[in-house]
Amino acid sequence: LGGSALGVCIKHDRPRKDWFVTLLEAFVKLEMFDLAVQAGEVGVRLDPSDNKLSADVRNLAAQATMHRGGYENTGQEGGYRQNIKDVEKQRLLNEERSLVKTEEGQQRAILAAKSEYDIAPTDRAIIRKYIQVLVQRRTPADLSTAISVAETAFVQTQEYSFRKSAGDIRLAIGRSEVQKLKTLADANPSDTAARDAYLSAAEAQNGLQTSELELQVNAYPTNLLLKLELGKCYLRDRQPEKAIEQLQRAKDEPKQRSAALACLGIAFRELDWIEEATETFKQALEQHTDANDDVGLELRYGLMASLLKQAEGTRDLSRALEAEKIASAIAIQQIGYRDIRAKRDQLKALIAQLRQAGTGTAPTA
């Protein structure tokens with residue numbers, strides 16, 4: 001009925017604002033807020049200068065929205081709070097169903113893969129599929145089974161990819177455990193036992209990673225990415241000579257040349273081959289496309305550190321000045337990068353000493 005009355009007024013040849021204001025007031029009393037808003041909007045179009053009516057319509061529009069959503073009946077059945085509870089309840093139910101469905105799906109996939117594996121335990125494609133579904137669910141039992149299946153497959157087929165899969169799974173398990181222990185140690189800084197447990201696990205993980213990569217490099221001698229990763233491990237383990245051997249090969253891969261040269265420069269510096277380190281970093285920067293990205297920043301820092309060591313060893317002012325210029329540029333770009341502030345101060349002091357020793361004058365500020 002209300003909609004019909006509104007329609008008649010709208011279709012009139014000469015509609016008047018006061019008709020729609022009257023309808024608005026009537027619709028409000030009847031709590032027919034959507035119709036009240038429609039009537040008010042027509043009234044505003046007929047008299048755009050009526051700011052009060054315009055404001056009333058905006059308020060009514062908000063009230064209509066609240067009414068549709070049950071806001072006004074907060075705490076009552078069908079009210080806003082109930083609506084929210086219903087939505088939240090449905091969301092949780094959907095999530096639970098999705099989780100159950102996922103778990104059921106994973107279980108079915110594992111059972112199906114295992115059935116195939118039991119029938120054909122030497123079929124390479126079936127073995128890989130079984131390992132894959134076990135790793136996807138990632139329970140400790142599944143991962144242990146995956147390792148066992150992979151190692152058995154390696155013995156049966158002598159295909160190293162299965163041995164690599166077993167090693168990769170072990171490394172993933174180790175990383176997860178180390179992260180858990182680190183989180184625990186960080187949360188309890190005064191707990192020395194927690195810190196010791198984390199450091200011990202991290203050391204064991206590093207050893208496992210190095211040994212796994214050594215096996216993989218031996219199995220895949222032409223894989224230069226593996227050589228780069230092994231070179232990084234040797235650097236971390238303070239074995240620069242072994243690192244150099246891997247990195248000199250790894251740099252032949254164009255996509256990883258800059259990263260390999262960066263590590264190679266560090267390895268030379270660790271051996272105290274400072275000139276070789278400096279030249280390696282310079283070569284890397286010449287070939288790298290962006291001196292300001294992460295790798296470029298690492299290369300510039302490496303060059304600066306090598307020049308600093310050269311300047312200290314040879315008392316060469318030109319090397320110190322070159323290093324200070326790089327340090328200053330890095331500080332301008334990213335003042336929090338590593339220990340760049342300390343390195344810059346160290347270079348400033350060294351330059352002052354070298355100038356004083358060379359000229360017999362007091363250091364300049």
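Student: Is Cys263 buried or exposed?

Tutor: Buried means under 20% relative accessible area, exposed over 50%, and partly exposed in between, with a 1.4 Å probe and protein chains only. Cys263 has a relative accessible area of 7%, so it counts as buried. Cys233 is likewise buried, at 3% relative accessibility. This is a predicted model, in which local features need pLDDT of at least 70 and side-chain atom pairs count only at pLDDT 80 or more, while totals for chains, interfaces and linings use all residues. Residues are numbered from 1 along each chain as its sequence is written, and side-chain values use heavy atoms, with hydrogens and water left out.

Student: How many disulfides are counted?

Tutor: A disulfide is a covalent bond between the sulfur atoms of two cysteines. With the criterion of a pair of cysteine sulfur atoms within 2.5 Å, the count here is zero.

Student: Which residues have the most contacts inside the largest nonpolar core?

Tutor: In soluble globular proteins, nonpolar side chains tend to be buried together. A nonpolar core is a set of buried Ala, Val, Leu, Ile, Met, Phe, Trp, Tyr and Cys residues joined through side-chain atoms within 4.5 Å. The largest one has 42 residues, and Met304, Ile330 and Ile340 have the most contacts inside it. Helices here are DSSP runs (H or I, at least four residues), numbered from the N terminus. Among those that each supply at least two residues of this core are helix 9 (192-219), helix 14 (294-314) and helix 16 (340-359). Helix 14 gives the largest share, eight residues. A second, separate core of 18 residues includes Leu143, Ile147, Ala150 and Ala166.

Student: Where is Arg138 placed, and what is its phi?

Tutor: Most residues other than glycine have a negative phi. Arg138 is not a glycine, yet its phi is positive, about 65°; it lies in the loop between helix 6 (124-137) and helix 7 (140-157). Arg315 also has a positive phi, about 60°, and its place is the loop between helix 14 and helix 15. Arg138 is partly exposed, at 45% relative accessible area, and Arg315 is partly exposed at 45%.

Student: At what angle do helix 2 and helix 3 pack?

Tutor: Two packed helices are described by the angle between their axes and the distance between the axes. Axes are lines fitted to C-alpha atoms over the stretch in contact, and angles run from 0 to 180 degrees between N-to-C directions. Helix 2 (residues 17-29) and helix 3 (residues 33-46) pack at about 160°, with axes 8 Å apart. They are therefore roughly antiparallel, a term for angles over 145 degrees.

Key:
Angles under 35 degrees count as roughly parallel, over 145 as roughly antiparallel, 65 to 115 as roughly perpendicular and the rest as oblique.
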